Amino acid sequence: MALFSTPAIVLGGIRLGEADKLVTFFTLTRGKLKGVAKGARRMKSRFGATLEPFTHCKLVVFDKGTEKLARIEQCDILHSFQSLREDWGGIERSSRMVDLVAQMTPDGQANTETFDLLLQGLFFLEEKKDPPLSVMLFISRLIACSGYQPHWETCLKCRLPFKPGKPEALYFSPGAGGALCAKCGKMHVPLIPMSQGTRAFLSASQKMDYERAHRLRPSLQIQKECEAIFKHTLSHITGKSTRRFTKNPGPTLGSARL
Ligand SMILES: [Zn+2]
């Protein structure tokens, strides 16, 4: 049992009893953490607006041990991200980011890279740089941060490098985590069709930092193909339904086998 303090981002919360709230945070030092905020739903709660979704805050938590829920002692706002809660687009995109982090991360495992990525992602959404692109870049990075960085440079099967600019139809395998050339892909249906442009975009965007990658301008086709790749990859990683992961479901081709 110990009292500790950590920077955190509010992923979401639900009512608990008459006046309390059960809040899920992604913390810098302890990863995903669920805690009870006593009296948080009372009018004059000491927590005020600190527990609103997306809030970047500094938490003081009393950890009661692995079997019991932690108790939130104090929460101070570092950045409220209030503007993201003021319009539907902001709510939808920020919710997608925090929901994915909630689903992709285990309880109690710190991941500094994922914490920084989520914070950066929310800042890019707030700046309104290019919100749909901010989300795409966020998802491809989150998959990598979670230990599932796909291979983009060579065919997973024959190992031959892809030649940039060659208008070759490629395939993506969520199960094997990477791209296959047209010849190898045909022998391993069903896979997700992918253009050379999408492979090049995903490969290039991951080599750039998050800010610089906002200069890229993926075509509508690339955006659709990325959504399909994300949908199947996230489904493979979490083993859950993909409906909530994607707004515009791409081609339905079933799961890949290699
Ligand atoms: Zn091949």
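**View 1. Cys181 and Cys184 are buried in this predicted model.** Cys181 has a relative accessible area of 11%. That value is under 20%, so Cys181 counts as buried. Cys184 is buried too, at 6% relative accessibility. Both residues are protein donors of the zinc ion.

View 2. Along the chain, the donors follow the spacing C-x2-C-x22-C-x2-C.

**View 3. The zinc site is tetrahedral.** The 4 donor atoms make angles of 98 to 117 degrees. For four tetrahedral donors, the ideal angle is 109.5 degrees.

**View 4. Three strands form an open sheet.** The strand order is β7-β6-β8, and the pairing is antiparallel. Strands β7 (178-180) and β8 (192-195) are the edges, each pairing on one side only. On average, neighbouring strands are turned by 45 degrees against each other, direction ignored.

**View 5. Strand β6 pairs with β7.** Strand β6 covers residues 169-173. Its antiparallel pairing with β7 runs over 3 bridges.

**View 6. Helix α6 lies across β6 and β8.** Helix α6 spans residues 220-238. It runs at about 145 degrees to β8.

Terms used. Residues numbered from 1 in each chain as written. Predicted model: local features only at pLDDT ≥ 70, side-chain atom pairs only at ≥ 80, totals over all residues. Heavy atoms only, no water. Donors = N, O, S within 2.8 Å, 3.2 Å for Na, K, Ca; no water. Tetrahedral: all angles 85-135°; square planar, octahedral: opposite > 155°, others 65-115°. Buried < 20%, exposed > 50% of the residue type's maximum accessible area, 1.4 Å probe, protein only. Pairing = 2+ DSSP bridges. Helix = DSSP H or I, 4+ residues; strand = E, 2+ residues; numbered from the N terminus. Axes fitted to C-alpha atoms, helices over the stretch in contact; angles between N-to-C directions. Contact = heavy atoms within 4.5 Å.
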